[in-house]
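Here are a few notes to read alongside the model.

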Amino acid sequence: MTIDWSWIGDHTDDLTSLTLSHLQAAMTAVFLGVLISLPLAVVAHRIRPLRGFLLGVSNVLFTIPSIAIFVLLLPVSGLTRTTTVIGLTVYTLVVLLRNTVEGLDSVPAKTKEAAKAMGTRPLRTLLTVEFPLALPVIMAGVRIATVMSISLVSVATYIGDGGLGQLFTDGFQRNFPTPVIAGVVLTILLAVVADALLVAVQYVLTPWRRRRA
């Protein structure tokens with residue numbers, strides 16, 4: 001299997017456009033997943049009877065094959081980027097919701113009691129005490145969800161989207177390996193770079209862990 005480097009040079013603009021499209025779909029899904037999972041995780045953490053139900057629903061959604069969920073969404077949102085983002089967002093929820101709940105569970109009860117004794121209101125305690133202390137576990141979920149979304153965007157090629165996944169389809173249809181290899185390499189690079197950036201963000205947002213180290 002050889003790479004036609006001249007093809008890559010001639011299609012630099014296309015590769016850049018597909019990479020940015022791929023990244024946009026993945027990051028939008030993760031962002032929406034975080035927005036949805038944070039309040040649901042607080043509910044699951046505070047109201048124990050709902051915990052099993054919410055986590056169970058997210059687990060059930062995760063079992064739906066990716067192609068199937070895109071197909072099921074077609075009557076609702078059609079062959080659009082919206083279908084891709086909704087499908088990817090659904091898959092991020094199982095990781096983000098569970099990790100956020102576990103992160104909140106990991107906050108020591110004595111710490112919350114101390115905040116309460118100081119007269120801190122529940123909402124402020126959640127935002128200034130519980131979420132910061134739960135951040136390492138939450139960020140672990142965000143990292144997993146990000147890498148997973150980047151890898152799953154390509155599946156949306158079957159509904160006319162898919163970002164770098166279009167290179168796979170093009171290469172297989174023409175029995176031309178260069179687009180396939182380029183798509184694989186760019187997808188891996190996106191995942192590695194995104195994960196590294198998230199590690200850096202976590203490092204900046206958790207200065208107390210650096211001092212402890």
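This is a predicted model: local features need pLDDT of at least 70, side-chain atom pairs count only at pLDDT 80 or more; totals for chains, interfaces and linings use all residues.

**Notes on helices, rings and salt bridges**

1. Val90 counts as buried, at 16% relative accessibility; buried means under 20% relative accessible area, exposed over 50%, and partly exposed in between (1.4 Å probe, protein chains only). Val90 lies in helix α5, where helices (H or I, at least four residues) and strands (E, at least two) are DSSP runs numbered from the N terminus. Leaving aside residues up to four places away in sequence, Val90 touches Leu61 and Ile69, a contact being heavy atoms within 4.5 Å.

2. Residues are numbered from 1 along each chain as its sequence is written, and side-chain values use heavy atoms, with hydrogens and water left out.

3. How many aromatic pairs does a search of the whole structure find? There are two, where rings of Phe, Tyr and Trp (its six-membered ring) pair if their centres lie within 6.5 Å, with planes under 30 degrees apart counted as stacked, over 60 as edge-to-face and the rest as tilted. Trp7 and Phe176 make an edge-to-face pair, 6.0 Å centre to centre with 80 degrees between the planes. Trp7 belongs to helix α1 and Phe176 to the loop between α8 and α9, so this pair ties together parts 169 residues apart in sequence. Trp7 is buried at 10% relative accessibility, and Phe176 is buried at 18%.

4. For Phe62 and Tyr91, the ring centres are 5.7 Å apart and the planes stand at 75 degrees, so this pair is edge-to-face. Phe62 sits in helix α3 (residues 48–63) and Tyr91 in helix α5 (residues 81–105), so the pair ties together parts 29 residues apart in sequence. Phe62 is partly exposed, at 36% relative accessible area, whereas Tyr91 is buried at 5%.

5. Now the charges: the whole structure holds five salt bridges, each a side-chain nitrogen of Lys or Arg within 4 Å of a carboxyl oxygen of Asp or Glu. Arg48, Arg51 and Asp105 are linked in a network of them. Arg48 meets Asp105 at 3.5 Å, N to O; Arg48 is in helix α3 and Asp105 in helix α5, so the pair ties together parts 57 residues apart in sequence. Between Arg51 and Asp105, the closest N and O atoms are 2.5 Å apart. Both Arg48, at 47% relative accessibility, and Asp105, at 29%, are partly exposed.

6. Asp170 and Arg174 form another salt bridge, with their closest N and O atoms 2.9 Å apart. They are four residues apart in helix α8, so about one helical turn separates them.

7. Please look at helix α9 too. Its 29 residues (177–205) should span 42 Å at 1.5 Å a residue, and its end C-alpha atoms are 42 Å apart, which agrees; the expected span is 1.5 Å times one less than the number of residues. Buried residues of α9 include Thr178, Gly183, Leu190 and Leu198. Their cover includes α1 (5–10), α2 (12–46), α7 (122–152) and α8 (165–174).
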